[in-house]
Structure formats: structure tokens, C-alpha cells
Amino acid sequence: MERTVLHSDLNNFYASVERKLFPELAGKPVAVCGDKEARHGIVLAKSEEAKKFGVKTGEVIWEAQRKCPGLIIRPARFSEYVRCSRAVRDIYARYTDLIEPFGIDECWLDVTHSKIFGNGEEIAERIRKEVKEELGLTVSVGVSFNKVFAKLASDLKKPDAVTLVRREDVAEKIWPLPVSALLFVGKATAKKLSSVGIATIGQLAAAEPSFLKRYLGKWGETLSVYARGEDLSPVRNMNDAADLKSIGNSVTYREDIYNYRDIERLLYVLSESVAARLRSSGLGKADTVHLWVRDKEMENYSFQKKVRPTALCGEIAEAAFLLFKSQYKARRAVRGLGVTVSGFDKGVEQMSIDDLAGSYDKKDRVERAVGEIRKKYGYGTIQRGIMYEDRTALSMDVRGERLVRPGGVDGEIASQDEGEFEISPFEDER
């Protein structure tokens, strides 16, 4: 049976929530930003009106205001965004329980067995209308036969639209698109492909998979599968921990990050989230730590490292920080970070020397006790000392969303830009 997969993308999500909270902002150029007083505070989201002035996500506030003198700056209210995101997913759940988040504002839905509500396009239209009427938000929905093309379809027409891509539509609608439109193809990968004459998704689909594997490594083989429409990855139930191959989280920071101490602090914030989820998932310990970095030019990098099986925040954060110091070679400042763990032992493990000495158990008991205190009295009631060097970090609790990183056809984590870094080192201080 041909699958029916939807990809939903909430339009200008943060800015749209701000307008929902403050109706007087309707029709005006709005940008949701980090701390306005902070050094290099950045644009996290913008309205359609601001977009027409050329305002871009990720640029510093003064640049956005220069492009759009009447730009209205709103502070980020992540608790409101999470609340609205959950309300939207409640609407999705009327049609299927196979809902896989892709960040706070995007989801895949498998509605193959939801025909009681109509075909895929009809279900997408119902969702679009219900989100708009009940929550005052707009969503663009792509409908296709796999996740990759459903995501592409949702990008083809925005805002507030439904776009269908059937198997017979691929040659006309998908293959003429630039290769950069394909899921997980960043600037560096697109540049490498262009250098060998591959500029469109169709040219990528026609290229020999063996060549792409030699040229780009395993990631090239995965992109070949994506371009040909052969992605078979399932849409996972967001509450089904048994099928999870990774647990992670990411954050876009309020300003450019130029020094190692700030990087370390944020990696601890993220690792707290990851470790807490790992402990509650029942998946045991993880033996691989993955680090995702987005620089100020919006380039993405991925690295990974094998570790002793662990569910400890401290060990996850230390491994991620070591990856950053040893592998991130670009001089450019950092805008986003993500930490993910994989390789779960499902509670079946071998005893190590540290286990026999009791050192792991001691650390584990401490972290579990901290978790119980936070659960009872709030996340900010107890923090690591490193957090007190930046008061804004004390209020950061990024546990609300699961990070989804690129996955190959076999579910492994892959890097889209592996090896394409500048030689200059990241600096301790600006």
C-alpha cells in the first residue's frame, strides 16, 4: 500500500504567536529576537511583512532594523510557543497517532490508515482550517508518499497552503528544483555537488549512487536515496520511546557565541535535558554522543564520539565539549548548538572498572536527586555553578522539544558537511 505522509510547517511561528497574543501587531513588520540589550542579539523569527523588507532569521537586530526602520521587536516567549505547539499537535492527533516532531513548529504525520477522514489532501485541508479557526495560526502542509518529499511539498507554497506531490508528479515538481531544496543539503554540500555538475535534485537522482558514496561518503548515498524518492523511513509515534534511535535537543542562542566558556555552559544546559529524557525513556545508557553546530552564517556541522555507556549529564556534556574543541575548526561565531545521544543498551550492560568502584553510581544518584528536586520545585531551583556566570542561562529549560537530526535510510546519524571546515581555530575570546 502506498503510504500517505504529511509534513506540517507552522508559518512564521514565533511571530504568529506574538500576533495571537497581541492582535494590535496584525499587518505590521514583527521580529522575535533575543535579548535586545545583549551583544549581537539576533532575529529568531519574522513576520511576512518583515520578510518583504529582507529581514532574515539569524541576522543581528541592528541589521534587521536598518532594512526595516519600522520593525517591531518582540522578546521570545518560549513557554507560549511550546504551549501553542502542543495545542497544534492535539489537532493532529485527531487524525493519527503517528506524529513525529521536527522541531517546535514542524511535524510529520502518517495518515495512511486514516482514510475515514478522507484522502491525504483532504486531511491536510481539514488540519489547515482547524489550526486557523481554533488557534489563529496558519500552517503549510505537504502531502506525499514519503517524509522527504512531504517536507519538500510543504516548502513549495507558503503561507497557509496545502501542496500535493504524487509519485507521478516528482519529475515535474521535484526534480527541477535546486539541489539545496532537498532535506539536509546545506550550502557546503550544494557547493560540492555543483562542482561536479549536479545543480538540481533531478541531476542528483540521475547520478550514480556509487559515485556519490565515493564523493560524499555515506551521506552521499543517503542523498541519492532521498532524491530518487526511495526514502522509507517511518513516521514515529512521538510517545513511542521503544523505537527511538536517538534522544537530543538543540537551542538557537540570543547572541553570537565567541568563547569556549559560553559554549561549555550551553552544552551543559542541553545535556541536562538529554540526560533527563534518557533516564525517563527506559532505554538505559547511550554509547555515542553527537554534536550539532550552526555558525553565524547558518552553516551546519555534525560530529560524533563513542563514549563509555552513560546516562550522566556531566559525561554527555564533557564529550560534547571535547568534540567542539577538537572538531569545530571554523573561526565564525556560533549561533546554534545541539546535543544528541544514541546507541542505547536497553538496560543490558557489562560492568566496567568505574562501575565496580562505584563512581558511576555515585554520580547517578546525585543527578537523580537533582532531577527529583527540579521536578518538585522547578527547573531553576538547583543549578550547576557554571550557570551562575550568565544569569540568563539560569532560566533556560530547553526540555520541551526533541531534536531531530539528519538520519540515513538505516537510521544512523549523518553529517551533511563533514570535513568542510576552515583551518582557523575557534577563539577563546573575541
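Let me begin with a term: two strands count as paired if DSSP finds at least two bridges between them. In general, strands of a sheet pair through backbone hydrogen bonds, either parallel or antiparallel. One caution before the details: what you see is a predicted model.

In β7, L10 has V139 as its bridge partner.

How many of the six residues of β1 are buried? Six of the six, which makes β1 mostly covered. As a general point, in a regular strand the side chains alternate between the two faces of the sheet. In β1, V5, H7 and D9 point one way, L6, S8 and L10 point the other way, and all are buried.

Where does UniProt place the feature "binding site"? The unreviewed entry puts this feature at D9 and D105. These positions are spread over 97 residues of sequence, yet they cluster in space, with a largest C-alpha distance of 5.9 Å. From this set, D105 is part of the lining of the largest cavity.

First, D9. This residue lies in strand β1, residues 5-10. Is D9 buried or exposed? The cut-off for buried is under 20% relative accessible area. D9 has a relative accessibility of 6%, so D9 counts as buried. As for bridges, the partner of D9 in β6 is E106, and the partner of D9 in β7 is S140. If we leave aside neighbours within four places in sequence, the contacts of D9 are D105, E106, T138, V139, S140, S154, D155 and K158.

Next, D105. This residue is placed in the loop between β5, residues 99-101, and β6, residues 106-110. With neighbours within four places in sequence again left aside, D105 is in contact with S8, D9, L10 and F13. D9 is in that list, and D105 is in the list for D9.

There is another open sheet to point out. It has three strands in the order β3-β2-β4, and its pairing is mixed. Which strands stand at the edges? They are β3, residues 43-46, and β4, residues 72-75; each has a single partner strand, so one side of each is left without a neighbour in the sheet. Neighbouring strands of this sheet are turned by 30° against each other on average, direction ignored. Strand β2, residues 30-33, runs parallel to β4, and four bridges join them. C33 is opposite P75 in β4.

α11 covers residues 218-227, and eight of its ten residues are buried, so to speak mostly covered. The buried residues are W219, G220, T222, L223, S224, V225, Y226 and A227. What do these buried residues pack against? They pack against α6 (147-156), α8 (187-194), α9 (201-206) and α10 (209-216). Just after α11, G229 takes a positive phi of about 80°.

Last, the chain as a whole. It holds 15 helices and twelve strands. Of its 430 residues, 54% are buried. Among contacts with a separation of 6 or more, 69% are between residues 24 or more positions apart. The chain exposes about 19,800 Å², and carbon and sulfur atoms supply 52% of that area.

Methods:
Residues numbered from 1 in each chain as written. Predicted model: local features only at pLDDT ≥ 70, side-chain atom pairs only at ≥ 80, totals over all residues. Heavy atoms only, no water. UniProt positions renumbered as here; feature names shortened; annotations may be inferred. 1 Å grid on protein atoms, 1.4 Å probe; cavity = no way out; pocket = protein on both sides within 12 Å on 5 of 7 lines; lining within 4 Å. Helix = DSSP H or I, 4+ residues; strand = E, 2+ residues; numbered from the N terminus. Buried < 20%, exposed > 50% of the residue type's maximum accessible area, 1.4 Å probe, protein only. Contact = heavy atoms within 4.5 Å. Areas by Shrake-Rupley, 256 points an atom, 1.4 Å probe, with all protein chains shown as cover. Axes fitted to C-alpha atoms, helices over the stretch in contact; angles between N-to-C directions.
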